[in-house]
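Visitor: I would like to learn how to read a structure like this one. Could we take the features one at a time?

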Amino acid sequence: QSCGDAIGDLLAAEVALHYLQFSFTNWRALYDDLPSVQLKVTVKGNPQSVTNTPDQTKALSPDGMQEEIDAAVAAVGNPSARSFVRPSGTEPIVRVYAEAQSAEAASELGKKV
């Protein structure tokens with residue numbers, strides 16, 4: 001017998017909301033969907049040389065990469081902006097994700113990263 005991840009996630013969310021005495025409306029109000037871009041960058045050599053934290057939001061290697069990503073995000077000038085990279089498990093590429101207050105800012109951030 002099995003349960004799909006989505007069903008399990010929904011039930012877990014419902015239990016957590018009940019425990020916190022939150023409605024779905026209250027929960028939804030906590031989230032702002034920002035414009036984002038996802039890019040693929042072909043890598044010479046091994047894309048697996050890019051390693052990440054377990055949640056894949058911070059680059060651990062190569063040295064200095066995360067600092068450059070952080071600088072690009074800071075240059076956007078909005079605390080909601082973010083960007084991260086991760087190696088593809090199936091292609092010789094690194095995937096770049098960028099999110100910002102506008103589609104233009106997200107696109108620019110993605111290109112910088």
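Visitor: Which residues are linked in a network of salt bridges?

Guide: Keep in mind that this is a predicted model. A salt bridge is called when a side-chain nitrogen of Lys or Arg lies within 4 Å of a carboxyl oxygen of Asp or Glu. Here the network links Lys 40, Glu 91 and Arg 95. Glu 91 takes part in both of the following contacts: with Lys 40 at 3.8 Å, N to O, and with Arg 95, where the closest N and O atoms are 3.0 Å apart.

Visitor: Is Lys 40 buried or exposed?

Guide: Relative accessible area decides this: under 20% is buried and over 50% is exposed, with partly exposed in between. Lys 40 has 55%, so it is exposed. Glu 91, at 29%, is partly exposed, and Arg 95, at 24%, is partly exposed too.

Visitor: How many salt bridges does the structure hold?

Guide: The structure holds five salt bridges. One of them joins the side chains of Lys 58 and Asp 70 at 3.9 Å, N to O. This pair links distant parts of the chain, 12 residues apart: Lys 58 is in the loop between strand S2 (51-52) and strand S3 (59-61), and Asp 70 is in helix H3 (residues 65-76). Lys 58 is partly exposed with a relative accessible area of 40%, and Asp 70 is partly exposed with 37%.

Visitor: Now the rings. What is the count of aromatic pairs?

Guide: The count comes to two aromatic pairs. For each pair, read the distance between ring centres and then the angle between planes; under 30 degrees counts as stacked, over 60 as edge-to-face, and the rest as tilted. Phe 24 and Trp 27 have ring centres 6.1 Å apart and planes at 50 degrees, so this pair is tilted. Both residues lie in helix H2 (residues 24-29), three residues apart, which is about one turn of the helix. Phe 24 is partly exposed at 46% relative accessible area, and Trp 27 is partly exposed at 42%.

Guide: Phe 84 and Tyr 97 form an aromatic pair that is stacked, with 5.0 Å centre to centre and 25 degrees between the planes. The pair links distant parts of the chain, with Phe 84 in strand S4 and Tyr 97 in strand S5, 13 residues apart.

Visitor: Are Phe 84 and Tyr 97 buried or exposed?

Guide: Both Phe 84 and Tyr 97 are buried. Across the protein chain, 27% of the 113 residues count as buried.

Visitor: What does the secondary structure of the chain come to?

Guide: The protein chain has four helices and five strands. Read from the N terminus, the order of elements is α-α-β-β-β-α-β-β-α.

Visitor: What radius of gyration does the protein chain have?

Guide: Set the value beside that of a compact globule. For 113 residues such a globule would have a radius of gyration near 13 Å, but this protein chain has 17 Å. The C-alpha trace spans about 50 × 40 × 20 Å along its principal axes.

Notes: Residues numbered from 1 in each chain as written. Predicted model: local features only at pLDDT ≥ 70, side-chain atom pairs only at ≥ 80, totals over all residues. Heavy atoms only, no water. Buried < 20%, exposed > 50% of the residue type's maximum accessible area, 1.4 Å probe, protein only. Helix = DSSP H or I, 4+ residues; strand = E, 2+ residues; numbered from the N terminus. Phe/Tyr/Trp six-rings, centres within 6.5 Å; stacked < 30°, edge-to-face > 60°. Rg over C-alpha atoms; globule rule 2.2 N^0.38 Å.
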